[in-house]
Amino acid sequence: MMIVMKETATSEEVQAVIEKIERAGALAHPIEGARLTVIGAIGDVEQDVNIESLGLEGQPGVDRVLPILKPYKLASEQIRHGERTVLDIQGRKIGGDHFALIAGPCTVESREQTLQTARVVRDAGVSLLRGGAYKPRTSPYAFQGLGVEGLRLLAEAKAETGLPIVTELMDLRDIDDVLEVADVIQIGARNMANFPLLTEIGRSGCPALLKRGLSSTLDELLMAAEYILKEGNPNVMLCERGIRTFETDHRRVTLDIMAVPILKELSHLPVIVDPSHAAGRRDLVLPLSLAAAAAGADGIIVEVHPNPDEAVCDGPQALLADTFDEYAAAVRRTAEFAGKALSAA
Ligand code: PEP
Ligand code: MN
């Protein structure tokens, strides 16, 4: 259920409602909007905590009590009354009228490659730097990432460029190390349904970029986001990165561009698009990026490399560092066309 407080409700009245919900054994999630506060009251579905019987309708400060219609309660558009969630990552806003360009290497390979790429993307005006220190690879014999040394290099790149860091967490045993460096934790497509991982990221409070699984539906993606939100972490972005379809001859997977407007209709969370992993080919990255920005995406995450022929991972899809500023300018223009400003410090 959701309890819509009156615009005039005091913080004591909000608190009294929260306490009543919690005494009944349900979770209370207050969400402060620009005008009013909504409290999500979420009971254990199996235990069937009956919020309706609490008589909240008549309580001071309460305007209305309504059922939340979707199974993803806190991720649903309904709970925010049409307001968009806007994340603030060290002054870079994502969501609403703000567009984030997130760029960097697939993986941290060396100090030189990481710092060189970080400088190029900073000069082109990106919002955040991406780079993996732990890599989910199909083959156990492929490069698995530099681990803690990779995180150290990302910290160095951040210290030099001032760019906040997006980096992947795959294994809960690494969470403390990753949290020291990450401004945003990436949850890779293969881990979208790793529920204990999602719960711990929720508990950490660190902003999360949650990628859609290769064969996951949009509802499954939203339920995965719910695992993070449920722990009291409201800072979640959804990421469409391509799904498996029958078409495999000419690209890696199929970018589901329709996911952008549909997710934005179903949820208040920002929607990011990853054209690099969908395409698997550099030449498709620009057109897919422009399509995503025009479709209303709140950001793009792309891979860049100073010398893709020598990249240890995902070289064929990496944008060239040399021409990255032209790419960034085209994305910026398209985002502006769609009514959003590129987010920078
Ligand atoms: C990545 O971003 O480098 C990555 C491996 O992405 P995904 O989980 O979408 O495959
Ligand atoms: Mn990659």
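**Entry 1: His-268**

I call a residue buried when its relative accessible area is under 20%. My model is a predicted one, and I kept that in mind throughout. I looked up His-268 and found a relative accessible area of 4%, so His-268 is buried. Where does His-268 lie? I traced His-268 to the loop between helix H7 (259–266) and strand E13 (271–273).

Next I checked what the side chain of His-268 touches. One polar atom of this side chain lies 2.7 Å from the backbone oxygen of Leu-74. I also noted a polar contact of 2.8 Å that joins the side chains of His-268 and Thr-85.

**Entry 2: ligand 1**

Which residues are around ligand 1? I listed Cys-106, Arg-130, Lys-135, Pro-136, Gln-186, Gly-188, Ala-189, Arg-190, Lys-211, Arg-241, His-277 and Glu-303. I then looked at the side chains of three of these residues. Gln-186 has a side-chain N or O atom 2.9 Å from an oxygen atom of ligand 1. For His-277, I read 3.2 Å between a polar side-chain atom and an oxygen atom of the ligand. The side chain of Glu-303 has an N or O atom 3.3 Å from an oxygen atom of ligand 1.

How much of ligand 1 does the protein bury? Taken alone, ligand 1 exposes 300 Å², and the protein buries 97% of that. I also looked up the space that ligand 1 takes, and this is the second largest pocket.

**Entry 3: aromatic pairs**

How many aromatic pairs does the structure hold? I found 2 aromatic pairs. I began with Phe-195 and Tyr-227, whose ring centres are 4.5 Å apart and whose planes meet at 15°, so I wrote this pair down as stacked. Planes under 30 degrees apart count as stacked. Phe-195 sits in helix H5 (residues 195–204) and Tyr-227 in helix H6 (residues 218–230), so the pair ties together parts that are 32 residues apart in sequence.

Then I turned to Phe-324 and Tyr-327. Their ring centres are 5.5 Å apart with the planes at 35°, so I noted the pair as tilted. Both residues belong to helix H10 (residues 324–337), where they are 3 residues apart, about one turn of the helix.

How values were computed: Residues are numbered from 1 along each chain as its sequence is written. Chains are lettered from A and ligands numbered from 1 in the order in which they are written. This is a predicted model: local features need pLDDT of at least 70, side-chain atom pairs count only at pLDDT 80 or more; totals for chains, interfaces and linings use all residues. Side-chain values use heavy atoms; hydrogens and water are left out. Rings of Phe, Tyr and Trp (its six-membered ring) pair if their centres lie within 6.5 Å; planes under 30 degrees apart count as stacked, over 60 as edge-to-face and the rest as tilted. Helices (H or I, at least four residues) and strands (E, at least two) are DSSP runs, numbered from the N terminus. A residue is near a molecule or strand if one of its heavy atoms lies within 4 Å of it. A polar contact is a pair of N or O atoms within 3.5 Å; within protein, one must be able to donate a hydrogen and the other to accept it, and residues adjacent in sequence count only if both atoms are side-chain atoms. Accessible areas come from the Shrake-Rupley method with a 1.4 Å probe; for residues, only the protein chains shown count as cover. On a 1 Å grid over the protein atoms alone, a cavity is a set of points where a 1.4 Å probe fits but cannot get out, and a pocket is an open set with protein on both sides within 12 Å along at least five of seven lines; lining residues have an atom within 4 Å of a point. A molecule sits in a cavity or pocket if more than half of its atoms lie within 2 Å of its grid points. Buried means under 20% relative accessible area, exposed over 50%, partly exposed in between (1.4 Å probe, protein chains only).
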